[in-house]
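Subject: Handover of a structure for your review

Dear colleague,

Please find the structure below, together with its sequence. I would be grateful if you read the notes that follow alongside it.

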Amino acid sequence: MDLLNTLVDKGLRRELPTREEALAVLATTDDELLDVVAAAGKVRRHWFGRRVKLNYLVNLKSGLCPEDCSYCSQRLGSKADILKYTWLKPDEASQAAAAGLAGGAKRVCLVASGRGPTDRDVDRVSETIKTIKEQNEDVEVCACLGLLSDGQAERLREAGADAYNHNLNTSEGTYADITTTHTYADRVDTVTKAHAAGLSACSGLIAGMGESDEDLVDVVFSLRELDPDSVPVNFLIPFEGTPLAKEWNLTPQRCLRILAMVRFVCPDVEVRIAGGREVHLRTMQPLALNLANSIFLGDYLTSEGQAGKADLEMIADAGFEVEGAGEVTLPEHRAATAGGCGSHKAAGGCGSHEGAEGCGSHASAGGCGSHEGGGVCGTAAPAPATGEPRTDLVAVRRRGAGTDLAPNA
């Protein structure tokens with residue numbers, strides 16, 4: 001297919017595809033899907049080999065958010081039956097992080113619900129970052145605390161934060177349909193503040209909220225302009241009790257096309273499969289590793305994910321390997337200016353700042369970067385008929401941070 005050959009050539013040169021080419025990827029047929037995955041896989045392997053970076057979420061403060069993000073189970077007015085608790089103490093957060101690190105994660109994403117941190121909150125999170133770094137050598141720490149005020153990104157950087165996550169989530173043109181308590185420009189401003197402070201930027205999107213192909217291309221092109229080192233791709237978890245509870249718009253094939261499009265537009269950045277992979281990719285998760293080079297290990301913020309052991313087995317069975325703590329995630333031309341975390345300025349990178357991987361904003365349908373969920377590995381429930389959503393895979397998190405039960409990492 002001429003389109004795919006062109007996209008591979010551009011990806012290897014870090015050249016931006018046209019909007020028409022990006023839209024054409026989303027419009028491919030199921031018969032062409034494996035060709036699309038194979039083509040995007042060439043770009044992924046060129047820049048990242050067969051390594052998979054593992055990230056681990058710690059929800060520092062869950063629920064009761066004053067923002068009205070429609071996708072979020074922690075939003076104002078949410079009736080979702082999620083865990084609600086105030087700030088974890090530094091030792092509690094460090095203990096939670098240690099579980100993920102023991103499972104192979106090299107980055108911990110510290111997320112807190114809310115519009116944005118107060119100065120006192122920044123002090124609290126700074127102490128948590130220091131505690132985690134004292135107890136876990138070589139760990140990367142990404143903070144995801146919402147909208148930042150002047151000077152707060154610098155303080156987090158001084159405390160030892162490596163990255164900051166704040167997701168754009170959807171296109172500027174449709175943002176007001178999803179959230180009314182802050183603006184798309186507010187989110188861009190926070191990504192810019194993180195960049196300026198020297199933090200590795202993490203910013204991504206949520207697919208499955210009823211958006212069009214044009215909206216998806218718009219937000220990914222906007223991310224590339226912001227130039228983050230990490231782009232988390234969340235797939236909406238339609239939590240009961242939220243306005244988007246009935247938005248079951250994704251199939252495994254649609255998810256793969258979206259990931260391929262992101263890889264072509266952002267060839268040399270960390271593309272992370274974030275919240276919702278278990279719910280929407282299901283048995284196609286191993287195939288998605290040919291497109292993304294990063295995932296979350298274990299549970300998400302308010303929902304359960306696939307068991308950590310199953311994640312590790314999936315990576316090995318698919319012929320990939322877990323990225324080690326001593327390995328640099330990003331290609332040399334990006335990592336050289338970011339001390340190993342990644343550059344914020346690669347020529348033609350994708351992006352925005354860091355953190356959407358999971359961390360990043362009060363957005364995301366799942367990873368850090370949202371106060372929302374992921375999915376559970378599955379239950380013994382029978383599979384619905386073909387074409388029906390797997391609502392049986394959505395499970396509220398009842399273990400890990402904020403509970404007396406061990407996490408599943």
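The model is predicted: local features need pLDDT of at least 70, side-chain atom pairs count only at pLDDT 80 or more, and totals for chains, interfaces and linings use all residues. Residues are numbered from 1 along each chain as its sequence is written, and side-chain values use heavy atoms, with hydrogens and water left out.

Helices (DSSP runs of H or I, at least four residues) and strands (runs of E, at least two) are numbered from the N terminus. Helix H9 (residues 213–226) and helix H10 (residues 252–265) have axes that come within 10 Å and cross at roughly 35°. These axes are lines fitted to C-alpha atoms, for helices over the stretch in contact, with angles from 0 to 180 degrees between N-to-C directions. The crossing is right-handed, that is, the near helix is turned clockwise from the far one by less than a right angle. In the contact (heavy atoms within 4.5 Å), H9 contributes Asp-213, Leu-216, Val-217, Val-220, Phe-221 and Arg-224, while H10 contributes Arg-254, Ile-258, Met-261, Val-262 and Val-265.

The loop between H10 and strand S8 (270–273) holds Asp-268. Asp-268 counts as buried because its relative accessibility is 0%; buried means under 20% relative accessible area, exposed over 50%, and partly exposed in between (1.4 Å probe, protein chains only). Its side chain makes a polar contact of 2.6 Å with the side chain of His-333. A polar contact is a pair of N or O atoms within 3.5 Å; within protein, one must be able to donate a hydrogen and the other to accept it, and residues adjacent in sequence count only if both atoms are side-chain atoms.

In helix H13 (residues 308–317), the buried residues are Gly-308, Asp-311, Met-314 and Ile-315. They lie on the same side of H13, because they cover an arc of only 120° around the axis, taken from the directions from the helix axis to the C-beta atoms. Lys-309 and Asp-317 are exposed on the other side of H13. Just after H13, Gly-319 has a positive phi of about 85°.

Thr-329 sits in the loop between S10 and helix H14 (332–335) and is buried, with a relative accessible area of 1%. Its side chain forms a polar contact of 2.5 Å with that of Glu-323. The C-alpha atoms of Thr-329 and Lys-53 are separated by 7.3 Å, although the two residues are 276 residues apart along the chain.

Yours sincerely
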